[in-house]
Amino acid sequence: MPKFNLSQATAVTLLAIMVVLIIIVPLLPGYDPYKQDLGGALLPMGGENFRGDFYLLGTDTLGRDMLDRLALAGQVSALIGLSAVMVSLFIGVTLGLIAGYFRGPVENVIMGLADLQLSIPRVLLLIAVTAIIGPSVTNLALLLGLTSWVAYGRVARGMTLSLREREFILSARTQGSTATWNIRKHLLPNVLPQMLIVGSYEFGMIIVMEASLSYLGLGVQPPLPSWGMMVSEGQNYLALAPHLAILPSIALFILVAGFQFLSQAFTRENELELVA
Amino acid sequence: MARFLLKRILQSVLTVFGVITAAFFLVRLAGDPAVLLLPIEASAEDIERIRAALGLDQPLIVQYIRFLGDAVRGDFGDSLRQGTSAMALVLERVPATLELALTSFFVGIGLAFVLGILMRMTRVRWLRELITWIALGRQAIPLFSFGLLLILIFSIWLKWLPTFGRGTWQHLVLPALTLGTYELALYLRLFNASLASEQRLDYVRTAYAKGQGHLKVLLRHMLPNALLPLVTVAGINLGLLLGGTVVTETVFSWPGVGRLIVQSVSQRDFPVILAGTFLISVMFVIINLLVDILYGFLDPRVRMT
């Protein structure tokens with residue numbers, strides 16, 4: 001019998017709230033994150049405009065519904081996060097398996113590349129690159145993906161180092177199977193579950209990174225909303241309408257904490273130590 | 001030791017070299033550097049002139065060597081907005097950034113230290129749980145959200161501290177708390193783990209057997225040993241703090257290098273962006289090198305690897 005697990009329960013609760021926000025809310029009637037209403041701007045939570053329309057989470061500086069904005073921003077973040085995780089997982093696993101399987105100079109080059117990347121603060125690297133190629137959702141997802149492969153690469157390489165000495169790989173090799181075949185059919189399936197755990201941890205980190213860049217004005221660009229950008233817009237109205245900055249912060253907290261607990265629950269179950 | 005030193009220094013030089021190379025190709029890949037390095041209003045003749053001045057009509061390898069030479073001397077050209085040397089502009093901002101990063105570093109270690117001792121000394125279970133949960137919760141709040149939360153509580157509601165800027169120690173409190181507490185959960189876990197492993201050792205039992213009190217054993221005997229891992233990890237994280245200053249400085253309008261870089265991005269001032277990124281990367285590499293060397297002195301086993 002599985003025992004009650006506090007971090008699992010917390011993860012499920014937090015992520016359920018997120019699912020409601022980014023999947024259920026957009027299905028509600030009257031969902032429109034772009035509709036402006038300058039007469040009903042900066043309504044507080046639970047406020048009504050002069051026509052009597054009710055806004056559960058209030059409205060922003062242009063009178064747009066905060067709940068709908070938060071939902072759309074969540075979809076954008078989730079999409080960027082998912083694509084970035086897939087890109088980095090693909091690169092990281094490929095490089096990690098190659099480094100671990102072939103060893104020698106190939107391994108040195110790949111691990112040197114990983115060290116090089118870790119030797120520059122990631123925010124800075126992302127800022128410099130976005131400044132040059134220009135911010136957009138696609139660029140953001142690609143860049144975040146390209147700069148997050150190291151965690152997967154290191155874990156995949158570490159696992160491959162021990163797996164490659166095991167009998168099933170040795171027997172495949174003595175039967176003359178090619179390296180590609182061994183990596184794809186024997187190593188990959190063994191490494192993949194662990195990679196998904198790394199992914200669940202990294203997903204939260206990538207969401208925070210995206211939010212930070214959007215806060216700095218270098219991430220998602222208007223009119224598309226993003227939680228980070230909403231916080232930055234709300235900063236000027238902190239005294240007047242604190243919900244503008246606080247609500248997207250809470251949304252970020254719920255998502256990040258949810259994935260933090262999820263990866264913690266996974267880690268305990270599999271008795272792994274994650275190396276960040 | 002000499003070999004370890006030499007190897008680490010060589011590695012650091014290689015890294016800086018890699019950073020410069022990456023910057024060079026990035027700027028080239030993005031298109032014509034002459035266009036990037038000039039304001040948007042620049043005319044076609046201006047672009048031609050800067051192409052010749054930068055040697056962009058020469059082969060790529062010549063351009064690369066020239067870029068390398070300039071970068072090593074810290075010469076990234078003049079700021080497009082200020083007209084003065086980009087590196088000089090960046091260097092002006094370094095003291096503010098270092099002030100923020102170092103204060104945050106000590107705030108982080110100090111808080112972990114006090115809370116760790118408190119958790120060790122108290123018999124109240126819920127207090128220990130509470131501290132752990134607060135630290136974990138803090139970790140899930142991005143820097144900018146946490147900074148704004150502090151501004152809302154301490155500046156707007158309580159009116160105790162200024163909202164932005166630099167000058168007095170009051171200005172430093174909120175940014176340092178924002179940046180310093182980010183890794184608190186990690187520090188606390190580490191500190192607790194090392195205190196727990198010291199607890200089992202003979203010298204601790206001897207100290208208790210001599211009749212010394214719990215607090216004295218903890219502070220006099222266990223602490224010096226338990227602090228080493230904490231300080232090491234915090235030292236490694238000092239580099240990450242440097243990255244975190246970018247966001248924190250923007251939240252609090254702190255006049256450091258990070259804020260300069262962000263402002264330069266919106267003004268498309270590429271020489272300043274390159275100079276700032278380069279300088280912080282070099283600082284990052286140097287800090288990591290120093291931490292490694294220091295650790296090599298403190299723990300001889302490291303040198304072997």
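In chain B, helix α5 passes helix α9 in a right-handed crossing, meaning that the near helix is turned clockwise from the far one by less than a right angle. Here α5 covers residues 86-121 and α9 covers residues 184-199, and their axes come within 9 Å and cross at roughly 45°. The axes are lines fitted to C-alpha atoms over the stretch in contact, with angles running from 0 to 180 degrees between N-to-C directions. The pair α5(B) and α9(B) is therefore oblique, the label left over once angles under 35 degrees (roughly parallel), over 145 (roughly antiparallel) and 65 to 115 (roughly perpendicular) are taken out.

Before going on, note that this is a predicted model, where local features need pLDDT of at least 70 and side-chain atom pairs need 80 or more, while totals for chains, interfaces and linings use all residues. Residues are numbered from 1 along each chain as its sequence is written, chains are lettered from A and ligands numbered from 1 in the order in which they are written, and side-chain values use heavy atoms, leaving out hydrogens and water.

**The two chains**

What is chain B built from? It has 14 helices and zero strands, so helices (H or I, at least four residues) are what you meet along it, while strands would be E runs of at least two, both being DSSP runs numbered from the N terminus. Chain A has ten helices and two strands, and its pattern along the sequence is α-β-β-α-α-α-α-α-α-α-α-α.

| Chain | C-alpha span along principal axes | Residues | Buried |
|---|---|---|---|
| Chain A | about 80 × 55 × 30 Å | 276 residues | 53% |
| Chain B | about 85 × 55 × 30 Å | 305 residues | 48% |

**A greasy patch on chain A**

Val19(A), Val20(A), Ile23(A), Ile24(A), Leu27(A) and Leu28(A) make a nonpolar patch of about 540 Å². To join a patch, a residue needs over 30% relative accessible area and no salt bridge; nonpolar side chains (Val, Leu, Ile, Met, Phe, Trp, Tyr) are linked within 5 Å, and like charges within 9 Å. A salt bridge puts a side-chain nitrogen of Lys or Arg within 4 Å of a carboxyl oxygen of Asp or Glu. Val19(A) sits in helix α1, residues 6-24, and counts as partly exposed because its relative accessibility is 41%.

Is Ile207(A) buried or exposed? Its relative accessible area is 1%, so Ile207(A) is buried. You'll find Ile207(A) in helix α8 of chain A, residues 179-215. Trp227(A) is 20 residues away from Ile207(A) in sequence, and their C-alpha atoms are 9.7 Å apart.

Pro222(A) and Pro223(A) are joined by a cis peptide bond, with omega about 10°. Pro223(A) belongs to the loop between α8 and α9 (227-234) of chain A.

Arg103(A) isn't a glycine, yet its phi is positive, near 55°. Arg103(A) lies in the loop between α2 (66-102) and α3 (104-118) of chain A, and its 35% relative accessibility makes it partly exposed.

Over in chain B, Ser253(B) also has a positive phi, about 50°, without being a glycine. Ser253(B) is in the loop between α11 (214-251) and α12 (257-266), and at 24% relative accessible area Ser253(B) is partly exposed.

Methods
Accessible areas come from the Shrake-Rupley method with a 1.4 Å probe; for residues, only the protein chains shown count as cover. Buried means under 20% relative accessible area, exposed over 50%, partly exposed in between (1.4 Å probe, protein chains only).
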